Amino acid sequence: MKHLKSAVARLATSPSITNGYNKAAVACFALAFVCQDVMAADGASTKSTLVNVFNWIYGLGGVFAGITLLVQFINAKAGNFLGTQDPRKAIINTLIYTACFFGVVAIIQAIKFWMGGAGGDISTL
C-alpha cells in the first residue's frame with residue numbers, strides 16, 4: 001500500500017502528466033488504491049471478488065448521484081452559487097444521469113438473469 005501511494009504521488013506531480021497515458025495510469029492507480037479492500041479478501045474466488053467489485057461500483061454510483069443531487073438542490077435554494085445557467089435544469093440533468101446509470105445496472109442484471117437462469121441478483125455471475 002505504501003508503494004502504491006508513492007507511485008500515485010510521483011505520477012500526479014510529474015510534469016508530463018498532461019500526456020493522456022499518464023492520466024490513464026493515475027486513474028488506474030487511484031482505482032486500484034480505492035478498490036484494494038474490495039479485492040483483498042483472503043481466499044476469495046474470482047466470482048466473489050467480481051461480486052464485491054460490482055457491489056462497490058453500484059454503491060459508489062448511488063452515493064455520487066445522491067451527493068450530486070443534494071448539491072444541486074442546495075445550489076438552487078442558495079441562489080445559484082455554482083454559477084450554472086439554470087439550477088432547475090441542472091437538477092433535471094442530474095436525475096436523468098442517475099436514471100441512466102441505474103438503467104445500465106438494470107440491463108446488466110437482466111442479461112445476467114437471462115444467461116444464468118437462476119436468480120437475477122449480482123451473485124449469479
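Some ground rules come first: residues are numbered from 1 along each chain as its sequence is written, and side-chain values use heavy atoms, with hydrogens and water left out. Because the model is predicted, local features need pLDDT of at least 70 and side-chain atom pairs count only at pLDDT 80 or more, while totals for chains, interfaces and linings use all residues.

The chain holds four helices and zero strands, where helices (H or I, at least four residues) and strands (E, at least two) are DSSP runs numbered from the N terminus. Read from the N terminus, the order of elements is α-α-α-α. Confidence is expressed as pLDDT, the predictor's own score for each residue, from 0 to 100. Its average over the chain is 74, and 54% of the residues score at least 70. Helix α1 (residues 2-12) has the lowest confidence, with a mean of 60, and α4 has the highest, at 85.

The accessible surface amounts to about 8,700 Å², and carbon and sulfur atoms account for 70% of that area. These areas come from the Shrake-Rupley method with a 1.4 Å probe; for residues, only the protein chains shown count as cover. Of the 125 residues, 20% count as buried; here buried means under 20% relative accessible area, exposed over 50%, and partly exposed in between (1.4 Å probe, protein chains only).

With a relative accessible area of 11%, Gln-72 is buried. Leaving aside residues up to four places away in sequence, Gln-72 touches Ala-90, Ile-91 and Thr-94.

Asn-80 sits in the loop between α3 and α4. The phi angle of Asn-80 is near 60°, a positive value in a residue other than glycine. Asn-80 counts as partly exposed because its relative accessible area is 23%.

Further along, Phe-101 belongs to helix α4 (residues 87-116). Phe-101 is also partly exposed, at a relative accessible area of 27%. Its contacts, again not counting residues up to four places away in sequence, are Ile-57, Tyr-58, Gly-61 and Gly-62. For one of these pairs, Phe-101 and Gly-61, the separation is 40 residues in sequence and 7.5 Å in space, C-alpha to C-alpha.

Conventions:
Contact = heavy atoms within 4.5 Å.
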